[in-house]
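The entries follow the order in which I checked things.

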Amino acid sequence: MKKLLLVAICLLGTAALIPRIQAQQPFIVAPQYPLGGAEISITYNPAVTPLAESRTVTGVIYLCDGNDWTAHDLDLAQEGDRWTATYLLPENSVLLACKFYGDDPAQGDSGSADNSYGMFVYKMDGDQLVIQPGTFLHRGLIASRTLDRYAVPGYLHEEDRIDDRNTMGWLQRESMSFPESAEKLVFFAYTLLNSYEPGEHHEQLLNDIQYMLSSNDTEELSLLRAAQLCRSILQNDEKRLELEAVAAERFPGGLQEREQAIFQVFSERDSIRKFDFLEAFVERFPPLEYPVPRTFNDDAYYPRIFWYTLRERSDCFYNLGGTGKIPAHRALSGPG
């Protein structure tokens, strides 16, 4: 069977997300090897961090299911000079990452590139702990200098993020460990390759796109991201339109139609029609069913359509589901 032609890059040495097992460390998770579906305890010691002078500490836990990230508040309690919390991990978790905030909400602490506050989440296969598909991919994305928007944007400070070749190493590790991830790697791999070897992999990319078009198992998001590569890298409108047409045929009412509906609301100038479009959009695509950005329009325009529409009509605040609130945008920004 024909396989996706991902170009191999030598894996550069980077530190894995590992548990903190020394009491003097700022971030400790127990047990040492977290399991999806099980409870963990989290301990944060700000004394050796940039938050040492903060009177209060709050925390966020980011969870990856192999495809997307979600954000949740930690219920931290102070115990002496440390802050602790327990958290029940969803069964489908493959990675966790924590970030802590002090008195200054603009100053977050997520550790450093070599010692970030993140860990693999395992599952049991018989009596063995195993890593799951998506783990290495998203380990690379969350630390990437250019692609972190597809995981947790700004999780690490700019100086702690890894370069594109290093990120590519994590993608190669994902491909070697989980060949079934190949389709999801296409967009990220060619985006990285084109950043440091521009124009050298167009033929391989076209071959991969043709394979995706010929396979009935290709996911809609993969088709749309391939269309994005046609626009940004190949500058091939014919192939882009072909991908979009296949996505429309195979996935009616899917992400592409949602993208179009988002842009329809955003681009409408008449305030009454704009609100009507927004009401129809919310009814057709309930916000709670789309917790993280998935596509370009979702990332670029979704939060704006509520603000731009409702600021023109203050009487609209109580007409979207009776909540009296503008539907909150996702805690994660970026088409993940």
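I began with terms: helices (H or I, at least four residues) and strands (E, at least two) are DSSP runs, numbered from the N terminus. Two strands pair if DSSP finds at least two bridges between them.

The model is predicted, so I noted that local features need pLDDT of at least 70, side-chain atom pairs count only at pLDDT 80 or more, and totals for chains, interfaces and linings use all residues. Residues are numbered from 1 along each chain as its sequence is written, and side-chain values use heavy atoms, with hydrogens and water left out.

Hairpin entry. I found E3 (residues 58-64) and E4 (residues 69-74) running antiparallel, joined by six bridges. Leucine 63 has threonine 70 in E4 as its bridge partner. Four residues lie between the two strands of this hairpin, and glycine 66 takes a positive phi near 100° there.

E2 entry. Which strands pair with E2? I found E1 (residues 27-30) joined antiparallel to E2 (residues 39-44) by four bridges, with valine 29 partnered by isoleucine 42. E6 (residues 82-88) also pairs with E2, antiparallel over six bridges; threonine 43 has threonine 84 in E6 as its bridge partner.

Whole-protein entry. I counted nine helices and eleven strands. Of the 336 residues, 49% are buried (under 20% relative accessible area, 1.4 Å probe, protein chains only). The accessible surface (Shrake-Rupley method, 1.4 Å probe) is about 16500 Å², and 49% of that surface belongs to carbon and sulfur atoms. Among contacts (heavy atoms within 4.5 Å) between residues at least 6 apart in sequence, 69% join residues at least 24 apart.

How values were computed: Buried means under 20% relative accessible area, exposed over 50%, partly exposed in between (1.4 Å probe, protein chains only).
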